[in-house]
Amino acid sequence: MAQDHDDHEDGVSRRHTLASMMRGIWGGGLLLAGSGGIPNPLGLFGRAGGMSAMAQANATIAVIVKDTTSSYWQTVFSGARKAGQDFGVNIAELGPQSESDFDGQISILQKAVASNPAAIVVAPAQFAALGRPIDEAAKKTKIIAIDSAVDSMALTSMVATDNVQAGRVAADILAERIQKTYADAEGDVALITSSATNAALDQRAK
């Protein structure tokens, strides 16, 4: 994970990521975060003037997480609030109380779209189930996905971890520890995840 300072060589600061996301919202750029969290811009970002005009209009960006009761997603909300303060926009904190409540997240997404926000940042709780709802939402506002991929080509931006690489690193470390303990890196390993339908966890398992 990238550290929260601007001179980190291998990652990217939180401020740089948030600024890139904001430019992507107003400029239509596509932002992908790969291994190491380094964003790769795949389009022209909008002018700073567009950000200023949006801030003056007291725009609202809806942030929809997977589980509002989770400390992890509360931290995401905290970061979103800080970004809202930095860029002069309102942040609407939304989400179901359970990561498995796909229908709840879809309903929340639809209600958020109806409120005409400047953009919606969503952490898709399920790859397939959120695909069509996000396609529909993207017809009315810009959609930025975070944390997990979704079955949609309508995203303005995507910011996520390379979960396959994360799983590979974890497996290599586990194999090293097993070899140190048993002098052999072979054997059965139990893999336990918190959700059988979470795309990010599936990628890590691969």
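**Close-up views of the predicted model**

**Figure 1. The second largest pocket and its lining.** Helices α6 (163-182) and α7 (199-205) each contribute at least two residues to the lining of the second largest pocket. Helix α6 provides the largest share of the lining, with 5 residues. The lining consists of Ala166, Gly167, Ala170, Ala171, Leu174, Val189, Leu191, Thr193, Leu201, Arg204 and Ala205.

**Figure 2. Overall arrangement of secondary structure.** The protein contains 7 helices and 7 strands. Along the sequence, these elements follow the pattern α-β-β-α-β-α-β-α-β-α-β-β-α-α. Of the 206 residues, 39% count as buried. Among contacts with a separation of 6 or more, 57% are made by residues 24 or more positions apart.

**Figure 3. The open parallel sheet.** An open sheet is built from 5 strands in the order β4-β3-β5-β6-β7, with parallel pairing. Strands β4 (90-94) and β7 (157-159) each have a single partner strand and stand at the edges, so one side of each lacks a neighbour in the sheet. From one strand to the next, the twist averages 20°.

**Figure 4. Strands β3 and β4 with the helices packed against them.** Strand β3 (residues 60-64) pairs with β4 in the parallel sense over 5 bridges. Within this pairing, Thr60 has Asn90 of β4 as its bridge partner. Helix α4 (residues 102-114) packs on the sheet and touches β3, β4 and β5 (119-122). The direction of α4 makes about 175° with that of β3. Helix α3 (residues 71-87) lies across β3, β4 and β6 (142-146), and runs at about 165° to β4.

**Figure 5. Strand β5 and its two partners.** On one side, β5 pairs with β3 in the parallel sense over 4 bridges, and Ala119 of β5 is the bridge partner of Ile61. Strand β5 is also joined to β6 by 4 bridges, and these two strands run parallel. Here Ile120 stands opposite Ile143 of β6. The chain passes from β5 to β6 through helix α5 (residues 131-137), forming a right-handed β-α-β crossover.

**Figure 6. Side chains on the two faces of β5.** In a regular strand, side chains alternate between the two faces of the sheet. In β5, Ala119 and Val121 point one way, whereas Ile120 and Val122 point the other way. All four of these residues are buried.

**Figure 7. The surroundings of Leu109.** Leu109 belongs to helix α4. Its relative accessible area is 1%, and Leu109 is therefore buried. Apart from neighbours within four places in sequence, Leu109 is in contact with Ile64, Ile120, Leu130, Pro133, Ile134 and Ala137. Among these contacts is Ile120, which is itself buried and points the opposite way from Ala119 and Val121 in β5. Leu109 and Ala62 are separated by 47 residues in sequence, while their C-alpha atoms lie 8.9 Å apart in space.

Notes
Residues numbered from 1 in each chain as written. Predicted model: local features only at pLDDT ≥ 70, side-chain atom pairs only at ≥ 80, totals over all residues. Heavy atoms only, no water. Pairing = 2+ DSSP bridges. Axes fitted to C-alpha atoms, helices over the stretch in contact; angles between N-to-C directions. Contact = heavy atoms within 4.5 Å. Buried < 20%, exposed > 50% of the residue type's maximum accessible area, 1.4 Å probe, protein only. Right-handed = clockwise from strand over helix to strand, strands pointing away. 1 Å grid on protein atoms, 1.4 Å probe; cavity = no way out; pocket = protein on both sides within 12 Å on 5 of 7 lines; lining within 4 Å.
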